[in-house]
Amino acid sequence: MLSDFIIIGGGISGLATAFKLRSEGAAVTLLERNEIGRESSWAGGGILYPLLPWDYTDPVNLLTRHSLDLYPQWIADIAEHSATDPEYRTTGMLVLPQFDLPKARAWCEANNTPYSHTQPFPGLPQGLWLPNVTQVRNPRLVRALREACQNIGVKLHENTTVNHIYGAQEHVSHLIANGQEWHAEQYILCSGAWSSKLLDNILPQRDLKPMRGQMLLYKTEAGALPTILYQNSLYLIPRQDGHILAGSTVEDAGFDKSSPPETLSWLARRSGEIFPLLADLQPIHHWAGLRPGSRDNIPLISRHPGLQNMWLNLGHFRYGVTMAPGSADLLAQLIAGEKPPLNMMPYQA
Ligand SMILES: Cc1cc2nc3c(=O)[nH]c(=O)nc-3n(C[C@H](O)[C@H](O)[C@H](O)COP(=O)(O)OP(=O)(O)OC[C@H]3O[C@@H](n4cnc5c(N)ncnc54)[C@H](O)[C@@H]3O)c2cc1C
């Protein structure tokens, strides 16, 4: 059977898009170069918040808000088709100085966001406490999504690299992946940090490029850190079982996923300064991931600028886990010819 859609890329953007379209009855095939959900979507932190939203523009915050509104139902929908618990939890976030407190307060008040300037937990310093911030354990979320997609009938093909997109007269005719032709009515590009390769760099103004991030992993007693801690671009994320993730860097290093020892030492030192328990512990693991960078962190959720039957859902940079259900929802509405609830101009290719 000819698929209605072929999705290129099996990270959270591709999986969320596949889940949405298949749930609405479409025949969906997803092609992934390696193993599904092992790139940026695995490597990330899973904080469902644009760290300091008062430093971002409306297109980032409005998309985030739309996505976070959908999150509880989305997690419930995935759970109907998967046994993996993505550990979707409200842990709050404590932002420690230095930051622009008046600007942060004004933003919270203008956006109905609960906050207080307080010391919410004994042993942690005073800061801006955002009690409603949620998180997921992103490797588990992508596993859950993969299972859900499989169980509702998305055709998943791993180790399948799309090398060429053939089009004529503003229309994609087929793809070549692993030396074979693949045909569908419509095509959706969700290939993360590698997207500009398949777009032939046609959107230079959007700065679509890999942006490396390093992570450290610690193991502590469960509950040792009760909330997400953030200070000067570094965050600590406590998991339910006592693991703590420390991240991250934002490095323009091309497709190089190495972890320079001096960067890891810097991350470890900063982690110990923010939460002294970590100063006495060695990280048990570290890794780097390639975020799908974009100008001002504004993703493309749009029809391809030159190809009528090709769509884009990519460039979510630092917040692709946060924005996943919202982006898939908006793209599905565009494809269906409906009017989405957000002004889509900023996300248009
Ligand atoms: C260190 C770090 C921390 C982060 N923390 C957070 C956070 O706390 N909260 C948050 O919301 N976001 C966070 N992010 C960002 C988030 O992880 C990304 O924005 C998101 O995962 C992007 O998803 P994606 O599906 O677009 O890309 P990816 O997950 O990278 O998936 C793209 C997929 O496309 C495949 N692909 C590429 N080219 C081809 C091809 N030619 N053919 C077939 N397949 C192809 C790749 O193999 C890959 O699997 C973080 C990222 C990093 C690296």
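**Close-up views of a predicted model**

**View 1. Strand 6 (residues 116–118) meets strand 7 in an antiparallel pairing that spans three bridges.** Two strands count as paired if DSSP finds at least two bridges between them. Strands here are DSSP runs of E with at least two residues, helices are runs of H or I with at least four residues, and both are numbered from the N terminus. Across this pairing, T118 faces G127 in strand 7. Strand 7 (residues 127–130) also pairs with strand 5 (residues 93–95), again antiparallel and over three bridges. There, M93 stands opposite L130.

Before moving on, please note that this is a predicted model, in which local features need pLDDT of at least 70, side-chain atom pairs count only at pLDDT 80 or more, and totals for chains, interfaces and linings use all residues. Residues are numbered from 1 along each chain as its sequence is written, and side-chain values use heavy atoms, with hydrogens and water left out.

**View 2. Three strands make an open antiparallel sheet in the order 3-8-4.** Strand 3 (47–48) and strand 4 (89–90) are the edges, each with a single partner strand, so one side of each has no neighbour in the sheet. Strand 4 is joined to strand 8 (residues 134–135) by two bridges, and the two run antiparallel. Look for R89, which stands opposite Q135 in strand 8.

**View 3. The ligand is surrounded by 39 residues.** The closest are E32, S41, I47, F317 and T322. By class, the shell has 15 nonpolar, 19 polar and five charged residues. Here Ala, Val, Leu, Ile, Met, Phe, Trp, Tyr, Cys and Pro count as nonpolar, Asp, Glu, Lys and Arg as charged, and the others, Gly among them, as polar.

View 4. A polar contact is a pair of N or O atoms within 3.5 Å. A polar backbone atom of G320 is 2.9 Å from an oxygen atom of the ligand. Of the 1,000 Å² of accessible area that the ligand has on its own, the protein covers 98%; accessible areas come from the Shrake-Rupley method with a 1.4 Å probe. The elements that give two or more residues to the shell are helix 1 (12–23), helix 2 (40–43), strand 14, strand 18 and helix 8 (320–335).

**View 5. The second largest pocket has a volume of about 480 Å³.** On a 1 Å grid over the protein atoms alone, a pocket is an open set of points with protein on both sides within 12 Å along at least five of seven lines, and lining residues have an atom within 4 Å of a point. Grid points are joined across faces, edges and corners, and a volume is the space filled by probe spheres set on the points. Of the 22 lining residues, Y49, R65, L68, W107 and T113 are the closest to the centre of this pocket. Helix 3 (residues 58–79) contributes the most to the lining, with seven residues. The lining divides into 12 nonpolar, seven polar and three charged residues.

Methods
A residue is near a molecule or strand if one of its heavy atoms lies within 4 Å of it. A polar contact is a pair of N or O atoms within 3.5 Å; within protein, one must be able to donate a hydrogen and the other to accept it, and residues adjacent in sequence count only if both atoms are side-chain atoms. On a 1 Å grid over the protein atoms alone, a cavity is a set of points where a 1.4 Å probe fits but cannot get out, and a pocket is an open set with protein on both sides within 12 Å along at least five of seven lines; lining residues have an atom within 4 Å of a point.
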